[in-house]
Amino acid sequence: MPEDSRRRANAALAILTFINLFNYLDRYVVASLVESLRKSELSLTDAQAGFLVTGFVIVYMLTSPLFGTLGDRRARPRLLAFGVGIWSLATALGGFARSFAGLFAARAAVGVGEAAYGTIAPAMLADSFPLEKRGRVFAIFFAAIPIGSAAGYVLGGLIDQRYGWRNAFFVAGAPGLVLALLCLGLKDPPRGAEDALDQRPPHPGPLPPGEGAGGDEGFVRSYLGLLKNRAYLLTVLGYAAYTFVLGGVAFWMPAFLERIRGMSKADATVEFGAIVVVTGFVGTFAGGWLGDLVLKRRKDAYLLVSGWATIAAAPAALVAFVSPNRSVYLPAIVVTQLLMFASTGPINSAIVNVVAPTERARALALSILGIHVLGDVPSPPLIGLVSDATSLEKAFLVWPVVIVIAGVIWLYAAKRV
């Protein structure tokens, strides 16, 4: 890679990772404000507070395919700037809400902006770095998730306590309007520029003229074509099972620690939050580094690392959920989270590597739709139903089983690469 290209790629990685941190800060700031929203003039019920998240996720899922198509056919820096600007403006507008409907609309609009960013930014990074570096690149990019999520809790809580919940939305959203301008300064790399010819997955047909994939291809047909890619389909199915676990555990773990393990509410949220930040940061980096190391010997490295790390997390998860001994279950939770987060970089690298370079934004968009529809949207209520019928302790025994399923799917997918 020429020196100028290397500098541009590193600058893009730094800018997009920094923006990704604010992406998750804006996404999770509302969680720190729930109690204040209940006691405010809005008088939200718990159900309404939950629907703020549901509205965001549904819009995020449904608009991702649209931006995936645009990301494969249009100038990406402008689309990124649009996405960052929209989610930041929507976050700030939440501070002006005078009713549940107004706040719901603002939070749902955040999903539009994040759909643009979540589908396009990783595809753009894949075109900026060669195959053998993508595990580490995505590890850096996705390490912003636990940091940004924790920052959303902390910043939202501190601003809310001192200046009120409305100002928390203003402070969280305002920086993004400036960050959107940074996106316009990024150079859009040619699609597939860093893929050697022998590394490119076979395309189902000849590429049309121009840079975009399927310029005349129908919207639905272009996504159906991705489903014919067996390696891609299996990778996303494993990712959905993985997300089913991570999303459900993130929602229910504080309640589990408080209700089943007898922790105070403050200890349960603070300790688990600290575990998520540390394990998310360390696990994501370690997984990305290991994936790139194994890639020197095997083309299926990213799927192998994800598969074996996930399977190894299952026994640790079982110990974490059945042992009543604090000195046992807390370290087991740490090990489980480390191994689970180790898949973040490699599996996203696998998704962009098993499709043609001109399909990457759409591949990421379809994966976002799939992992949420099959993963963290149904998992919290399903575990709740099992808990109501039995107990939360028994319901948690579902997680190790699904963890194994995710790992097995990825190891099988490795055979298709």
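Which exposed residues does the face of α9 turned away from its buried side carry? They are V220 and R221, where exposed means over 50% relative accessible area, buried under 20%, and partly exposed in between (1.4 Å probe, protein chains only). The model is a predicted one, with local features needing pLDDT of at least 70 and side-chain atom pairs counted only at pLDDT 80 or more, while totals for chains, interfaces and linings use all residues. Residues are numbered from 1 along each chain as its sequence is written, and side-chain values use heavy atoms, with hydrogens and water left out.

Back to α9, which covers residues 219-227; helices here are DSSP runs (H or I, at least four residues), numbered from the N terminus. Its buried residues are S222, Y223 and L226. Viewed down the helix axis, these fall within an arc of 95°, so they line one face of α9; the arc is taken over the directions from the helix axis to the C-beta atoms. An α-helix has 3.6 residues a turn, so residues three or four places apart point the same way. The partners of this buried set are α3 (46-73), α10 (230-259) and α15 (360-376), with contact meaning heavy atoms within 4.5 Å.

Buried in α8 are W165, R166, A168, F169, A172, G173, G176, L179, A180 and C183. They pack against α1 (3-28), α2 (34-39), α4 (76-93), α5 (100-126) and α7 (144-163).

What about the core? The largest nonpolar core has 117 residues, a core being a set of buried Ala, Val, Leu, Ile, Met, Phe, Trp, Tyr and Cys residues joined through side-chain atoms within 4.5 Å. Touching the most other members are L37, L80, Y117, Y232, M253, L257 and I333. The top contributor to this core is α10, which gives 15 residues. As for L80, its contacts are L16, A116, Y117, I120, A121, M124, C183 and L186, once residues up to four places away in sequence are set aside.

Next comes a helix pair. Helices α12 (residues 301-322) and α14 (residues 344-353) pack at about 145°, their axes 8 Å apart; axes are lines fitted to C-alpha atoms over the stretch in contact, and angles run from 0 to 180 degrees between N-to-C directions. On the α12 side, Y302, L303, V305 and S306 make the contact, and on the α14 side P346, I347, S349, A350 and N353 do. By type, that is 6 nonpolar, 3 polar and no charged residues, with Ala, Val, Leu, Ile, Met, Phe, Trp, Tyr, Cys and Pro counted as nonpolar, Asp, Glu, Lys and Arg as charged, and the others, Gly among them, as polar.

Also in α14 sits I351, which counts as buried because its relative accessibility is 0%. Leaving out residues up to four places away in sequence, I351 touches Y232, T235, Y239, A363, L364 and S367. Over in α15, A361 is likewise buried at 0% relative accessibility. Beyond its neighbours within four places in sequence, A361 is in contact with G68, G71, D72, T119 and A123. Helix α13 (residues 326-341) holds Q337, buried at 7% relative accessibility. Q337 touches L246, V249, F272, I275, V276 and T279, again not counting residues up to four places away in sequence.

Finally, the loop between α2 and α3 contains S43. Its phi is near 50°, a positive value in a residue other than glycine. S43 counts as partly exposed, at 44% relative accessibility.

Conventions
Helices (H or I, at least four residues) and strands (E, at least two) are DSSP runs, numbered from the N terminus.
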